[in-house]
Amino acid sequence: MDTETDDTVGCYYNRSVRFFYEKSGKNISVLWRDRDYVIVTLGMAVCFIVIFSNLLVIGAILKNRRFHFPIYYLLGNLAVADLFSGTTLSLYLVLRVRSG
């Protein structure tokens with residue numbers, strides 16, 4: 001229970017992210033290690049490749065009249081779903097980088 005602040009019993013509204021990391025036993029560092037840079041760089045590269053390739057698929061289906069058949073609309077639907085997941089992952093990585 002949180003007894004140090006004026007929060008309601010069991011709620012940690014006035015606490016920072018550092019408090020929760022310390023509570024879980026993980027240490028939070030201000031400095032980034034080389035591994036952190038590599039992981040974030042590779043993750044962002046994969047996200048951008050996913051987004052770009054899905055935009056190419058969607059653009060090809062919309063532009064080319066030969067692809068206006070139901071199977072290609074299903075492929076386009078998969079590309080849109082994958083585009084949303086790639087965008088969500090990239091936004092997650094940006095939030096992760098900004099918040100620590």
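Predicted model: local features only at pLDDT ≥ 70, side-chain atom pairs only at ≥ 80, totals over all residues.

Reader: How many residues does α2 have, and how far does it reach?

Author: Helix α2 covers residues 34-63, which is 30 residues. From first C-alpha to last it reaches 43 Å, close to the 44 Å expected at 1.5 Å a residue.

Reader: Which residues of α2 are buried?

Author: Asp36, Gly43, Met44, Cys47, Ile51, Asn54, Ile58 and Ile61.

Reader: Switching to the surface. Which residues make the nonpolar patch?

Author: Trp32, Tyr37 and Val97 make a nonpolar surface patch of about 280 Å². Tyr37 lies in helix α2.

Reader: Is Tyr37 buried, exposed or partly exposed?

Author: Tyr37 counts as partly exposed, because its relative accessibility is 47% and the class runs between 20% and 50%. Trp32 is also partly exposed, at 33%.

Reader: How many aromatic pairs are there in the whole structure?

Author: A search finds 2. In one of them, the ring centres of Trp32 and Tyr37 are 5.0 Å apart with the planes at 45°, so that pair is tilted.

Reader: What about Phe67 and Tyr72?

Author: Their ring centres are 4.7 Å apart and their planes are at 45°, so this pair is tilted. Phe67 is partly exposed at 24% relative accessibility, and Tyr72 is partly exposed at 29%.

Methods. Residues numbered from 1 in each chain as written. Heavy atoms only, no water. Helix = DSSP H or I, 4+ residues; strand = E, 2+ residues; numbered from the N terminus. Expected span 1.5 Å × (residues − 1). Buried < 20%, exposed > 50% of the residue type's maximum accessible area, 1.4 Å probe, protein only. Patch = residues over 30% accessible without salt bridge, like charges linked within 9 Å, V, L, I, M, F, W, Y side chains within 5 Å. Areas by Shrake-Rupley, 256 points an atom, 1.4 Å probe, with all protein chains shown as cover. Salt bridge = Lys/Arg side-chain N within 4 Å of Asp/Glu carboxyl O. Phe/Tyr/Trp six-rings, centres within 6.5 Å; stacked < 30°, edge-to-face > 60°.
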